[in-house]
Amino acid sequence: MSTNATTRRVTHCRVCEATDWQEVVSLGDTPLAGGFLDPADRYDDEPFFPLGLISCRSCRLLSLTHVVDPEVLFRVYAYTTSESQTMRTHMTRVVELSRDRFALAPQSLIVEIGSNVGDQLIAYQRAGMRVLGVDPARNIAEIANAAGVETLTEFFDVGVARRIRAQYGPAKQILGRHVFAHVDDIAEVLAGAGELLDPDGVFTIEVPYALEMLRRNEFDTIYHEHLSYFFISTLVALFARHGLRLVDVERVAVHGGSVLVSAARADSAWTPRPIVAELCALEESTDINGDEVYRKFAGTVAGTVRELPELLRTLVGSGKRIAGYGAPAKGNTLLNVCGIGADLIEYCCDTTPFKQGKVQPGTHIPIRGPEYAKANPPDYFLLLAWNYADEIIQQESDFLANGGRFIVPVPRPAIVPGASDAGRIAGVA
Ligand code: TMP
Ligand code: ZN
């Protein structure tokens, strides 16, 4: 299927407008990571899009080479916030940190961009705050509204921000968890935040931390929804361009190592906590401003792309059965880029009802529920949802006790002998 009409090649940096890019890694053409297919459908017109990573030599934003039209990506959206203990605990922590550091009070207005099914805002409601969600996905916003979280079905922009301010007043916090990296027109979103934010309010985003992606070889987190991969120093410069000041960072473990970053109006009383300068110094000492660190990353990615299918082929060749654990979006980068298909992976087991019964995009590996996996246990689970390694391995103590093993794909492919090793190897302990 022709994809030209729905993609745009990136020329200017969306943070600093520079045009001098370092090519980091090309991952070929892949299907959309959330493009789960109905087995009844014909697959011959399944769309594939170029997937490549480039680095701005001026501000060191890491960006995809191509942007897929957001109307294609986000109007009907497969991702719903994982109902995992890890995520529930994290969401409570986001509320506590925000409240304690930025003097949020009961009745403060919290507006969340990309609010998904509303789980994060429900945690704010419990703390007595007023909440409003904004999410373009019609299917998802419907679920949130039904759960009592008022949600506008919109892409957040200046117009939406003005309407919200007129109807609900200024926001004490605007939150965007794992959505800011999806935004192409960052200037528009920050202008909208400028319209809506209370003079003492904060704009808080949570994004995967680019330093962790490089360090742990998390190349599978590269997919078409994730347009940007941020360092703190890049964000400091970005916010400054838009009249905001980056005042706080909290490193959090979710999604392979993320940062919860808060910015306030430059003319507000909020000043940066020491962690901001500390992380900028860490990035500087990691040489993120030179080309070498990205060349090294590309080399490590190439190593995994070679080694993982080799490992799986050897196991299958000796009669072992392998299934995927989880069907997260990033698993589809991993499987497609490594050329791992239904010849190596019998099925992927995932708890999300929406995904069960479908097949994975590109590889067409069937997705089953946990009951199926219990009845048909493989010898090895390839841990596609490696960001939940600890929780999953605790859950699967029977599988391990019966001789089953997990394979973690990153930072390097490895067979995990027991529970206590998985988090360490996957780097999420
Ligand atoms: P995420 O990393 O994007 O949240 O996706 C994780 C996927 O893994 C999601 O589809 C749910 C699935 N999953 C399971 O199937 N079992 C589990 O125990 C956990 C924690 C997640
Ligand atoms: Zn730049």
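This is a predicted model: local features need pLDDT of at least 70, side-chain atom pairs count only at pLDDT 80 or more; totals for chains, interfaces and linings use all residues.
Tryptophan 21 is found in strand β2 (strands are DSSP runs of E of at least two residues, numbered from the N terminus). Tryptophan 21 counts as buried because its relative accessibility is 13% (buried is under 20% relative accessible area, 1.4 Å probe, protein chains only). Beyond four places in sequence, the contacts of tryptophan 21 include Cys13, Cys56 and Ser63 (contact: heavy atoms within 4.5 Å). Serine 63 lies 42 residues from tryptophan 21 in sequence, with a C-alpha to C-alpha separation of 9.5 Å.

The zinc ion (ligand 2) is coordinated at 2.3 Å by the SG atoms of Cys13, Cys16, Cys56 and Cys59; donors are N, O and S atoms within 2.8 Å of the metal (3.2 Å for Na, K and Ca), with water absent from the atoms, so sites may look incomplete. The arrangement is tetrahedral because the 4 donor atoms subtend angles of 102 to 115 degrees, the criterion for four donors being that all angles lie between 85 and 135 degrees. The donor spacing in sequence is C-x2-C-x39-C-x2-C. Cysteine 13, in the loop between β1 (7-9) and β2 (21-31), and cysteine 56, in strand β3 (residues 48-56), are 43 residues apart and link distant parts of the chain. Cysteine 13 is buried at 2% relative accessibility, and cysteine 56 is buried at 0%.

Residues are numbered from 1 along each chain as its sequence is written, and chains are lettered from A and ligands numbered from 1 in the order written. Local features need pLDDT of at least 70, side-chain atom pairs count only at pLDDT 80 or more, and totals for chains, interfaces and linings use all residues, while side-chain values use heavy atoms, without hydrogens and water.

Key
Four donors count as tetrahedral if all angles lie between 85 and 135 degrees; four count as square planar and six as octahedral if opposite donors are over 155 degrees apart and all others between 65 and 115; anything else is irregular. Helices (H or I, at least four residues) and strands (E, at least two) are DSSP runs, numbered from the N terminus. Buried means under 20% relative accessible area, exposed over 50%, partly exposed in between (1.4 Å probe, protein chains only).
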